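Hello,

Here is the structure for your files. My notes follow below it.

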Amino acid sequence: MKAIVLKAAGGTEQLEWTELPKPAPAAGEILLRNEALSVNPVDFKTRKGGAFFAKLSETPPIVLGWDVAGTVEAVGEGVTGFRPGDRAFGMVNFPGAGRAYAEYVAAPADHFAHIPDRISTEDAAATTLAALTAWQALVHRGGLQAGQRVLIHAAAGGVGHFAVQIARQLGAEVLGTASAANHNFLHSIGVAQAIDYRARDFRDVANDIDIVLDPIGGDTALHSLDVLRPGGLLVSIVGGAREQVVLAAQQRGLRAENYLVHSSGADIEQLARLLEGGNLQPLIEHRFHFTEMAAAHAQLETGRTRGKVIVTL
Ligand SMILES: NC(=O)c1ccc[n+]([C@@H]2O[C@H](COP(=O)([O-])OP(=O)(O)OC[C@H]3O[C@@H](n4cnc5c(N)ncnc54)[C@H](OP(=O)(O)O)[C@@H]3O)[C@@H](O)[C@H]2O)c1
């Protein structure tokens, strides 16, 4: 099968299009014919030698990627929820070896959900790691309740645009930061107040926030404590809840925590239901072919992507 291996830590020239043996599904796994995948900042961070590079180096060859969508080719022993021919999607084996940059991917069946009939394979592929992060951070970690006020930083990005829609769907009022060019988009997905972080300090606009979702870190994480109401929670997905921030939060009767997404078929199923009901809509702003993976990485590395970047096979 065609696959892209990472030869060594470095630039996109280290991504090599090659042939690898087609995997076989072990007990409890499904073998997916991969038709669309999504790329995330963790892909290029790992490619450069950070994030999960060391861990993936333990089981060469290194094949990046975690987000897949396609058709079930075969199922391993004991799998009852999927049959060959079913369409399925998921974020597989995160934060281990997902091996998504390949024509076929074998992974635990309980990392997948069925793709709803009226949902395209590309939309399903887009609604994986970024959407799961938003769901798990807001619902599981945040315990988000209807009527709460939520501030989503980088609200136009991959995680952000899902977080906005999920928070709205759960009945929250949403404030979001983005550059001015993205404000119409933010309003279109349900942001009540869009804040241009380049033109003003978000603390001048946001207040009485129950949950802040932080994909930025640094001062953005620290300053976010200033907008929380008593008992409020900062959830950082980029390690922004460092010791100093956690201590500052505790002293003020607030909470600050880091969060790392994990594979979960049950959570993917929740996202499938939202997609099916038309209550979650991925924005796919950039599409590349599997042979253009370097360009897909380059787009993400701009840090300016609106919505998601998808790669089709
Ligand atoms: N811990 C976890 O489990 C986890 C999971 C997923 C992602 N992450 C991390 O979270 C971060 C975001 O991921 P992503 O997929 O959402 O990335 P992304 O799609 O590449 O984010 C791009 C967006 O960030 C916005 N942005 C950039 N700088 C900003 C700033 N200072 N303030 C507000 N918005 C800003 C841009 O909007 P403008 O162009 O308008 O500035 C753009 O729309 C990455 O570092 C990623 O590795 C962590």
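The radius of gyration here is taken over C-alpha atoms, and the globule rule is 2.2 Å times the number of residues to the power 0.38. With 313 residues, a compact globule would have a radius near 20 Å; the protein has 19 Å, which agrees. Along the principal axes, the C-alpha atoms fill a box of roughly 55 × 40 × 35 Å.

This is a predicted model, so local features need pLDDT of at least 70 and side-chain atom pairs count only at pLDDT 80 or more, while totals for chains, interfaces and linings use all residues. Residues are numbered from 1 along each chain as its sequence is written, and side-chain values use heavy atoms, with hydrogens and water left out.

The protein has 10 helices and 15 strands. These are DSSP runs numbered from the N terminus (helices H or I, at least four residues; strands E, at least two).

Helices H1 (41-47), H4 (129-141) and H5 (158-169) and strand S9 (173-178) each give two or more residues to the shell.

The ligand is surrounded by 25 residues (a heavy atom within 4 Å). The closest are Lys45, Ser179, Tyr197, Arg304 and Thr305. The shell divides into 15 nonpolar, eight polar and two charged residues (nonpolar: Ala, Val, Leu, Ile, Met, Phe, Trp, Tyr, Cys and Pro; charged: Asp, Glu, Lys and Arg; polar: the others, Gly among them).

- Val159: backbone N or O, 2.9 Å from a ligand oxygen.
- Asn182: side-chain N or O, 2.8 Å from a ligand oxygen.
- Tyr259: backbone N or O, 2.7 Å from a ligand nitrogen.

Alone, the ligand exposes 940 Å², and the protein buries 86% of that (Shrake-Rupley, 1.4 Å probe).

Last, the backbone. Pro60 and Pro61 are joined by a cis peptide bond, with omega about 0 degrees. Pro61 is in the loop between H2 (53-57) and S4 (67-75). The bond from Phe94 to Pro95 is also cis, omega near 10 degrees. Arg99 has a positive phi, near 55 degrees.

Best wishes

Note on methods
Polar contact = N/O pair within 3.5 Å; in protein donor to acceptor, adjacent residues only side chain to side chain.
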